[in-house]
Amino acid sequence: MMRFSERVAIVTGAGSGIGQATALRLAREGARLVIIDQSEAGLVETEGMLPEGSEVLRRVMDVSDEAQVEAVVADALKQFQRIDVLCNNAGIAGRHPPITDQDRSEWDRILGVNLIGPMLFIKHVAPHMQARRLGAIVNTASVAGIRSGAGGNAYSASKAGVINLTMTAACDLGGDNVRVNAVCPGLVETGMTRPIFEYARANEKAHKLGARAELRRYGAPEEIAAAILFLVSDDASFITGQALAVDGGNTASLNLPGMKV
Ligand code: NAD
């Protein structure tokens, strides 16, 4: 399938994990790419994996810095003259201190990257999509934005914010045929979750990874990328303002201890 021929897609957090898998699949389906990350090594790795002949603009930057967001959007338009797809995917996890021991600067840092970053990209990309009356945006939220227990307080609040930003942006932009959706991944093996996976494997707890999902397993970055590609493709042309859990059924169940055989 070449659902993205001629289209230009921005992917943030493209140097690792879900963002890398999304960039690769978009390129395989014909998209021209703007790949963004704070890690140059990650972006170089991603670019090296793209199909030969892929057109790509690579930018090391911090998604929470508005001046940098504005500059990369201007550069993308200069190089490609259009932006059809925006995947707001960069994110950070942070620590898990109890609610009585929260650190204000940690909240600022996490909300800055996970929530303000997507808002800034939508703010600067959407006017070009509105002018063409065509565009699709997907924000990577998390199951942590739907239920507690999948991340620290600041991370979870940031992802709940991303789900709501998705709805409010979809309402603002729907009249101009710009769609905004979110994916809410469950546990996926990526750079972000590497410490969890390494700890479990080193301590004979690997069988517990993903075990509470209804599919009894964790996910692969490619499985989240597949959902992102669906939502930014024309296959999803009547879907906007939605948050799709891609979590092996995790959030479909209370999964009370002792209820499963
Ligand atoms: P990852 O760490 O492998 O990838 C995240 C990428 O974002 C990294 O390459 C990192 O360098 C980049 N990044 C971080 N801060 C940045 C900034 N300020 N500016 C630019 N780039 C920045 O992790 P991942 O799991 O692929 O994460 C992708 C998204 O998926 C995140 O938003 C994360 O919250 C979300 N998510 C992940 C899981 C999971 O289990 N892995 C579950 C739910 C949601």
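The structure is a predicted model.

**Stop 1: the ligand**

Select the ligand together with the residues around it. There are 28 residues in this shell, and S16, D37, Y155, V188 and T190 come nearest. By type, the shell divides into 12 nonpolar, 13 polar and three charged residues.

Now display the side chain of D37. One of its polar atoms lies 2.5 Å from an oxygen atom of the ligand.

How much of the ligand's accessible area does the protein cover? On its own the ligand has 830 Å² of accessible area, and the protein covers 93% of that. The elements that give two or more residues to the shell are α1 (17-28) and α5 (153-173).

**Stop 2: helix α5**

Select residues 153-173, which form α5. This helix has 21 residues and reaches 30 Å from its first C-alpha to its last, close to the 30 Å expected at 1.5 Å a residue.

Colour the buried residues of α5; among them are Y155, S156, K159, V162, I163, T166, A169 and L173. An α-helix has 3.6 residues a turn, so residues three or four places apart point the same way. With this in mind, look along the helix axis.

Which elements cover the buried residues of α5? The cover includes α4 (104-132), β5 (135-140), β6 (178-185) and β7 (243-246).

**Stop 3: V56 in strand β3**

Select V56, which is found in strand β3 (residues 56-60).

Is V56 buried or exposed? V56 counts as buried because its relative accessibility is 19%, and the limit for buried is under 20%. Leaving aside neighbours within four places in sequence, V56 is in contact with L33, I35, E47, L50, Q79 and F80.

**Stop 4: two loop residues**

Select N177, in the loop between α5 and β6. Although N177 is not a glycine, it has a positive phi of about 60°. N177 is partly exposed, with a relative accessible area of 39%.

Finally, select R216, in the loop between α6 (194-202) and α7 (221-232). The phi of R216 is also positive, near 60°, in a residue other than glycine. R216 counts as partly exposed, at 47% relative accessibility.

How values were computed
Residues are numbered from 1 along each chain as its sequence is written. This is a predicted model: local features need pLDDT of at least 70, side-chain atom pairs count only at pLDDT 80 or more; totals for chains, interfaces and linings use all residues. Side-chain values use heavy atoms; hydrogens and water are left out. A residue is near a molecule or strand if one of its heavy atoms lies within 4 Å of it. A polar contact is a pair of N or O atoms within 3.5 Å; within protein, one must be able to donate a hydrogen and the other to accept it, and residues adjacent in sequence count only if both atoms are side-chain atoms. Accessible areas come from the Shrake-Rupley method with a 1.4 Å probe; for residues, only the protein chains shown count as cover. Helices (H or I, at least four residues) and strands (E, at least two) are DSSP runs, numbered from the N terminus. Ala, Val, Leu, Ile, Met, Phe, Trp, Tyr, Cys and Pro count as nonpolar, Asp, Glu, Lys and Arg as charged, and the others, Gly among them, as polar. The expected span of a helix is 1.5 Å times one less than its number of residues. Buried means under 20% relative accessible area, exposed over 50%, partly exposed in between (1.4 Å probe, protein chains only). Contact means heavy atoms within 4.5 Å.
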